[in-house]
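Subject: Structure handover

Hello,

Here is the structure I promised to pass on. Please open it alongside this email; my notes follow below it.

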Amino acid sequence: MQQMGLNEITMELPAGHMTNVFGQFDAYLKKIERAFQVTVICREGQVKILGDAKKAAGAQSVFAQLLELSGKGNEITEQNVDYAIALVFSEEEVTLAQIDESCIGYTANGKPIHPKTLGQKQYVDAIQSRMIVFGTGPAGTGKTYLAMAMAITAFKKEEVERIILTRPAIEAGEKLGFLPGDLQSKVDPYLRPLYDALHQIMGADAFQRNMEKGLIEVAPLAYMRGRTLDHSFIILDEAQNTTPAQMKMFLTRIGFGSKVVVTGDATQKDLPPDAKSGMDVALKVLESIDEIAVCELTSKDVVRHPLVQKIVNAYEVYEKKQLKQEKRLEYVKQAAGRQRGGQAGYRRQNR
């Protein structure tokens with residue numbers, strides 16, 4: 001049906017999936033209407049989408065993706081809706097259901113773990129196919145959690161003999177010496193995010209048993225020196241806080257039958273201002289080695305609360321503005337210096 005530039009698209013939507021797809025109080029439906037500037041009418045299991053032809057088709061594609069995901073037993077989240085809309089606008093030839101096909105494993109409660117964005121799926125595929133993978137990107141993109149899920153799955157399948165999780169115990173404004181307890185007590189807070197992920201995926205009891213057997217090890221990066229790690233799945237978290245020497249030390253620990261994932265966020269460094277990041281250096285040094293993959297996740301891959309994605313985007317815009325301003329000031333300083341130098345030379349010539 002087409003009248004006065006208004007198109008109508010009709011699609012079936014079973015009543016059993018309507019609440020899941022439309023969201024509580026039709027929150028998802030309203031979000032899709034706003035995104036595509038269309039009107040959606042639902043009657044007796046049929047959805048009518050009214051609007052511009054291209055926009056109505058886009059809204060239909062989003063509803064179809066959400067319905068397919070719901071048909072597989074998934075609970076639709078706001079992140080699913082936002083990402084389906086983003087896929088349509090970017091004209092990516094992939095659907096949410098295709099991304100969801102890759103089941104990495106299950107949490108201790110039996111909940112399946114899937115990549116939720118195209119970037120996450122590419123990251124998981126790289127971990128499966130390469131020996132070393134660098135996963136970079138902002139907070140909330142699932143870098144550490146997905147790597148942890150892959151490590152636990154490989155461990156359960158006996159593809160590796162143990163899991164080693166490490167991160168630099170960098171002092172972010174506080175001195176370790178002033179913290180109470182022995183050395184392990186001092187560094188445990190820095191490793192807490194790794195413990196939390198292990199508990200959620202593996203379960204506290206299984207985690208404790210394997211820790212006691214030495215099959216799972218969570219340790220500061222400094223503990224890796226002098227070791228050779230064979231048949232292990234090794235995850236280096238917060239790699240942006242390593243020094244170049246620490247990163248080289250870590251990468252040269254890798255032995256036979258091992259797999260390594262290095263995760264980090266280049267925008268959240270706690271190193272001194274004049275110090276180089278080991279992750280930044282490694283990405284430049286190792287870029288030509290085929291066995292090493294680099295996956296750059298972006299704000300589009302944030303799977304936490306939608307507000308987190310907005311915060312990440314706001315900081316990206318702010319940092320780009322700051323960088324432009326700094327470059328402009330540096331250019332003005334250099335131009336002023338050249339002008340002063342020219343004036344001094346002119347005075348010397350006319351003495």
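Start at the surface. L307, I311, Y315 and Y318 form a nonpolar patch there, with about 430 Å² of accessible area together. L307 belongs to helix α12, which covers residues 306–349. Its relative accessibility is 48%, so L307 counts as partly exposed. Please keep in mind that this is a predicted model.

Overall picture

The chain has 12 helices and 12 strands. Of its 351 residues, 44% are buried. The exposed surface comes to about 20000 Å², and carbon and sulfur atoms supply 52% of that. Look also at the contacts with a separation of 6 or more: residues 24 or more positions apart account for 69% of them.

In soluble globular proteins, nonpolar side chains tend to be buried together. The largest nonpolar core here holds 36 residues, and the members that touch the most others are Y123, M148, L165, L198, F233 and I235. Several elements give two or more residues to this core, among them α6, α7, β8, α8 and β10. The largest share, nine residues, comes from α7.

Take I235 as a way in. Leaving aside residues up to four places away in sequence, I235 touches A147, M148, A151, I164, L165, T166 and V261. Another core lies apart from the largest one. That other core has 31 residues, including I32, A56, L69 and I76.

Helix α7 is mostly covered, with 12 of its 14 residues buried. The buried set includes K143 and T144 as well as L146, M148 and F155. The length of α7 checks out: at 1.5 Å a residue, its 14 residues should span 20 Å, and its end C-alpha atoms are 20 Å apart. Just after α7, E158 takes a positive phi of about 60°.

Helix α4 runs over residues 78–90. Its 13 residues should span 18 Å at 1.5 Å a residue, and the end C-alpha atoms are 18 Å apart, which agrees. Which residues of α4 are buried? They are Q79, N80, V81, Y83, A84, I85 and L87. These buried residues pack against α2, α3, α5 and α6.

Backbone points to check

Most residues other than glycine have a negative phi. Q37 has a positive phi, near 55°, and is not a glycine. Q37 is in the loop between α2 and β3. With 57% relative accessibility, Q37 counts as exposed.

H231 has a positive phi of about 50° and is not a glycine either. The loop between β9 and β10 holds H231. H231 counts as partly exposed, because its relative accessibility is 37%.

Salt bridges

Side chains of opposite charge can pair when their charged atoms come close. The count here comes to seven salt bridges.

- D125 and K121 pair at 3.3 Å, N to O. They sit four residues apart in helix α6, so about one helical turn separates them. D125 is partly exposed at 30% relative accessible area, and K121 is partly exposed at 21%.
- D237 and R167 pair at 3.5 Å, N to O. This pair links distant parts of the chain: D237 is in the loop between β10 and α10, R167 is in strand β8, and they are 70 residues apart. D237 and R167 are both buried.
- K269 and D280 pair at 3.0 Å, N to O. K269 lies in the loop between β11 and α11, and D280 lies in helix α11, 11 residues apart. Are these two buried or partly exposed? K269 counts as partly exposed at 35% relative accessibility. D280 counts as partly exposed at 25%.

There is also a network: K31, E78 and D82 are joined by salt bridges that share partners.

Best regards

How values were computed
Residues are numbered from 1 along each chain as its sequence is written. This is a predicted model: local features need pLDDT of at least 70, side-chain atom pairs count only at pLDDT 80 or more; totals for chains, interfaces and linings use all residues. Side-chain values use heavy atoms; hydrogens and water are left out. Patches are made of residues with over 30% relative accessible area and no salt bridge: like charges are joined within 9 Å, nonpolar side chains (Val, Leu, Ile, Met, Phe, Trp, Tyr) within 5 Å. Accessible areas come from the Shrake-Rupley method with a 1.4 Å probe; for residues, only the protein chains shown count as cover. A salt bridge is a side-chain nitrogen of Lys or Arg within 4 Å of a carboxyl oxygen of Asp or Glu. Buried means under 20% relative accessible area, exposed over 50%, partly exposed in between (1.4 Å probe, protein chains only). The expected span of a helix is 1.5 Å times one less than its number of residues. Contact means heavy atoms within 4.5 Å. A nonpolar core is a set of buried Ala, Val, Leu, Ile, Met, Phe, Trp, Tyr and Cys residues joined through side-chain atoms within 4.5 Å.
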